[in-house]
Amino acid sequence: MMSKPSLDWLSDLNTFAVNRLKAHSDHKYYQSMVEARRGETMKFRESLNGTWQFSYAVNPSSRVEGFQHMEYDCSGWQTIQVPGHIQLQGYGNPHYVNKMYPWDGHEELVPPEVSEAHNPVGSYVKYFTIPDRMVDQPLFISFQGVETAFFVWLNGQFVGYSEDSFTPADFDLTPFIHSGENKLAVEVYQRSTGSWLEDQDFWRFSGIFRDVYVYTKPVLHVEDIHVKTHLNDSFSCAKLHVDIHLSTVPVGSKAKLILEDAENKVIDVMEKNLASSEETLTVSVNHPNLWSAESPYLYQAYIQLYDPSGELVEVVPQHVGFRHFELKNKRMYLNGQRIVFKGVNRHEFNCYHGRVVTEEDMIWDIKTMKRLNINAVRTSHYPNDSRWYELCDKYGLYVIDEMNLETHGTWEKSGYLDHDGAIPGNKLEWQDIVMDRAISMYERDKNHPSILIWSCGNESFGGEVLYNVSNYFRKVDPSRLVHYEGIFNDRAYPDTSDMESQMYAKAHEVEEYLKSQPHKPIILCEYMHAMGNSVGGMKKYTDLADKYPMYQGGFIWDFIDQGLIKKDRYGKEYLAFGGDYGDRPTDYNFCVNGIIEANRKLSPKTQEIRFLYQDIKLEPNRNGVKIINQRLFTDTSDLILKYCLLYEGEEVFSSEKLVNVVPGSEQLIELDFPQDIDFQGEYVIQTSFLLKEKTMWADARFEVAFGEYVFKIGERHTLSDGGNEVTLVKGDYNIGVQGENFHALFSREEGTLISLNYNGTEMINQAPKPLFWRALTDNDRGNRYAFDHSLWYAASLGQKCVAMSIEKEKTYVTISFEHAISIHPDVSVKVCYTVYHNGKIKVKSIYQGVKGLPNLPIYALTFKISADYNQLEWYAKGPEENYSDRAFGARLCQFKNTVMDNVSTYVIPQESGNRTGVRRVDITNQKGDGIRISAVGEALECNVSPYTAFELENAYHHYELPPIHHTVVTVAGKQSGVGGDDSWGAAVHEEYQIRAEETLQFEFMIAPV
């Protein structure tokens, strides 16, 4: 036992665990069956969470030395909460970087060097007294997560040292404990050898951020269990083998294994006299219920230990899921069925507490994933809190469990790849410290049926070290597969990964791989970079799963924004990102890539994901609905089929029925709609599947699948030029048109409509003008869109009216303006206003383009009205915002919201709030007065916002946006898609772009409400 701690260990590759106990399974244990069944708090444990004494130092040389000694009085120190990050409790600052190391540009370090000048130290002290129930027994302590390296003392005596932030570190306190008050001292260093291995895309914190507890063990104790399930080829019979490792085995001791089903019915029992510390207990099940994400059936096993007198001394409860996962015929199969991962990457995160997440946070996350039809999660890029895996077992999620390893900054530099500098690579001196992380993850997590794949880490290049890690996983656990994406960059050891795994490959690149007769199935461990207004074009990926059996899904990057709550200079809270804490270097807002906002609010992107990930496809038509059940194991008997008919957005018929479509099949179901559908106009048939009963993750009647069909009967005429005559007034500077309770005014000089007065109320605050620019999205910024397209920004500012014409008819007047655009002499926009006697104005905009210009961000007209008009009622695709490449999950419906609702709370203000397929939108005040924008001919794209594109463009945080004075109405013939293949270079797919050489036009009507 090493007893003299040294700071040299922080940079010593060979010293990463001193006196740390062997890693083991995360099982619980109790004194009785009653306690075990109830799942009560373990009496063998005592939590040390809560308030600790604390001292902070910016580096080792300025830390308090000798504080661990009994005579050193720490009672006057400041305090800190455990679990918690040091940097979120008033000491130092959070620091966000992606692939570069936080010391880049400050110090020239090479692995495994650690800075002496910039290495914050947290000195923790906890005074505690052993509970009576634990007195006179061996005592141990468990730190579930400490970042990144720490020393432990008890009562002034050195206990141990550990690295690896995300797996438990247990130590034996027995030699150092005494009666009465004890002094536990912990010294935590932010940077160590482990820092080179923890270059994940996340905030750099430090401290004790997971639970700490002391525990005792009975003399006869299960130190470790390994659950192994075996199924026959037809899955009709299963055996459960439980390997147990015992602390000591008194002669005459006995073990019993009891297996119960989910209704607590005993299935099988085995008793065994214990002869050694390593034993295997076996029971059998006929016709087992198999575990899957669709039906996460868990059996309950109990391991009972009896001492030589026959007294029950320990009970270990253990959930068991029978499932079989394999790679066969170049495809991955679960329980005999080809699996498709509809996945997401998840950081552990809370906007107030960083990576300190509660069980409440975890349950919210997992319920949300289930409701979004997500069936898989990758623990990017470290083992999660142990409770997460229990919840995945219980609720049903497939897990890629990823070890705590990323060395991105050692091999990917600015502008080039440094293959020789990569660690661990082929540098075998790194083998032990890397393998330790794999072993710790495997030993803790090995009994969770939700884990299908072990991952050797993330973005750490390739090489022999990781190949050896993958072989370790295969040796100790042949029941799972091994994943590692890094072989895409280094093909020297292709067998490191059982599957081809790539990040952000374009859909056509994946298809090229699948057409090349590959040897491995492919998954995208990261795709659909969901940064800001993104996730456009996702359907191109999800369609691959239906077309190519060897494409087996992907994992969206990522689940939740890593935004931290901070206060601005006026004391108002906002969500901060990299750089907001003065942290440099930084990757700024690259930490906010989630489909869920940091405050656990769904973003509009989830509408698309939920639709494209649904397991059941509904394809209605006028004769019925084709139901394609792509579930692997469950039919549709748990669902209610709801179908309804809408006419011009209003529901006119609705009904429900029960149907049973077996998994992996499709069926055409007739729907009994009314036969007298003959009104001219637009109809929508909407079908959905609703949960018949409440589940763990959603209430009854929650919608799990949706599909619609739009059709027209004839053409509904909404405009008539009959009626009273309009009055035309030709002024020297302005043209007036007057009719029934309205007055419109057009400026000859400005070349536009400058006044629209309904019943004495002026509606126009700022005149309509052509718009070619939208506020850049994060994806636009990432692909340097402004560099090639910013002339359209200028085009939106620099316009000149060069021609005007007036055509008078009895019941209407048409006033047309032609605008020259500053960027090119041959580009023009003509806007025609046809004013009718009843106050309606038809607006037609015609764009005449030329070759040689970059594609347009948007082609629209925009104007301002009073901010009092902030109530919206739509008949459009919705209800959430949508774009041309992200509208598959939107439905044609009527819905209401407010103008402010259309400013999506992406962390950096950007284009948001658009709706495609707009038939009409009413913009009114609280009294219901206002205007209606309605499509004439083709449906429109519309956005109604409190801010202009330029105000959004020039704000870096939402608190920088100006006070609201206007409602900004933007009516577009077309807007570019938002993209989402990645956020650092990928363009919007060509079919969702607007070609500058085209002739474009759109029409809409303005009418009083």
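1. A507, V510 and E511 of helix 8 are in contact with K540, Y541, L544 and K547 of helix 9; contact is taken as heavy atoms within 4.5 Å. The model is a predicted one, in which local features need pLDDT of at least 70 and side-chain atom pairs count only at pLDDT 80 or more, while totals for chains, interfaces and linings use all residues. Residues are numbered from 1 along each chain as its sequence is written, and side-chain values use heavy atoms, with hydrogens and water left out.

2. Helix 8 covers residues 507–514, and its axis comes within 9 Å of that of helix 9 (residues 539–547), with a crossing angle of roughly 20 degrees. Helices here are DSSP runs of H or I with at least four residues, strands are runs of E with at least two, and both are numbered from the N terminus. Axes are lines fitted to C-alpha atoms, for helices over the stretch in contact, and angles run from 0 to 180 degrees between N-to-C directions. The two helices are therefore roughly parallel, a label for angles under 35 degrees.

3. Helix 9 also belongs to a right-handed β-α-β unit, together with strand 34 and strand 35.

4. Strand 34 (residues 522–529) runs parallel to strand 35, and four bridges join them. Pairing requires at least two DSSP bridges between two strands. L524 has G554 of strand 35 as its bridge partner.

5. Strand 26 (residues 341–345) is likewise parallel to strand 35 and joined to it by four bridges. Here G343 lies opposite F555.

6. Strand 35 (residues 551–557) is largely enclosed by the rest of the structure, because seven of its seven residues are buried, meaning under 20% relative accessible area with a 1.4 Å probe, protein chains only.

Note on methods: Buried < 20%, exposed > 50% of the residue type's maximum accessible area, 1.4 Å probe, protein only. Right-handed = clockwise from strand over helix to strand, strands pointing away. Parallel < 35°, antiparallel > 145°, perpendicular 65-115°, else oblique.
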